[in-house]
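Here is my note for a colleague opening this model for the first time. Please keep the structure in view while reading.

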Amino acid sequence: MSVPLPLPDTPISLTNRRVSVLDLNFLCVDPAHQSRGAGTLLTRAVLDRAAHARLPVYLESTESAVRMYERLGFQILDSFDMEIPRRGTSKEGEGGVVGGGFQVYKEWCMVWDPPKVPKTTSDDATGTAPA
């Protein structure tokens, strides 16, 4: 089944180059179905669309998915940490979080570049190569 994906023109800075990218957000697989290829299959569908449009793909990955994305050709650009409430806790006024405090959450910024299309040389508009 083919699912049409929007190809947004989202300019972002990737290692000092400003380009339009396809931004892959929140690819999630139910834990009961993880490690069976679903994430890879879904990501490849996005990469196929991006390759056709000749757009890089940008994403922010959790630690558990970094290896999968690297196997698919993504490269790590950077990472960032943030403090978030621990699971199972709730906020309560200015006192912060009840019963557990905060935990550090880390994500990796990654990019996949589409395959390079070989340039052809021709001597006229017919596309014939010089002799």
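This is a predicted model: local features need pLDDT of at least 70, side-chain atom pairs count only at pLDDT 80 or more; totals for chains, interfaces and linings use all residues.

1. Residues are numbered from 1 along each chain as its sequence is written, and side-chain values use heavy atoms, with hydrogens and water left out.

2. Start with T43. T43 sits in helix α1, residues 38-53 (helices are DSSP runs of H or I, at least four residues; strands are runs of E, at least two; both are numbered from the N terminus). T43 counts as buried because its relative accessibility is 1% (buried means under 20% relative accessible area, with a 1.4 Å probe and protein chains only).

3. The side chain of T43 has a polar atom 2.8 Å from the backbone oxygen of G39. Beyond neighbours within four places in sequence, T43 is in contact with L27, M68, Y69, L72 and F74 (contact means heavy atoms within 4.5 Å).

4. Next, the largest nonpolar core. This core has 16 residues, and L47, V57, L59, Y69, F74, M110 and W112 touch the most other members (a nonpolar core is a set of buried Ala, Val, Leu, Ile, Met, Phe, Trp, Tyr and Cys residues joined through side-chain atoms within 4.5 Å). Two or more residues come from each of β2 (17-24), α1, β3 (57-61), α2 (63-71) and β7 (102-112). The largest share, 4 residues, is from α2.

5. The structure holds 1 aromatic pair (ring centres of Phe, Tyr or Trp, the latter by its six-membered ring, lie within 6.5 Å; planes under 30 degrees apart count as stacked, over 60 as edge-to-face, the rest as tilted). Y69 and F74 form this edge-to-face pair, at 5.3 Å centre to centre and 70 degrees between the planes. Both Y69 and F74 are buried.

Key:
Buried means under 20% relative accessible area, exposed over 50%, partly exposed in between (1.4 Å probe, protein chains only). A polar contact is a pair of N or O atoms within 3.5 Å; within protein, one must be able to donate a hydrogen and the other to accept it, and residues adjacent in sequence count only if both atoms are side-chain atoms.
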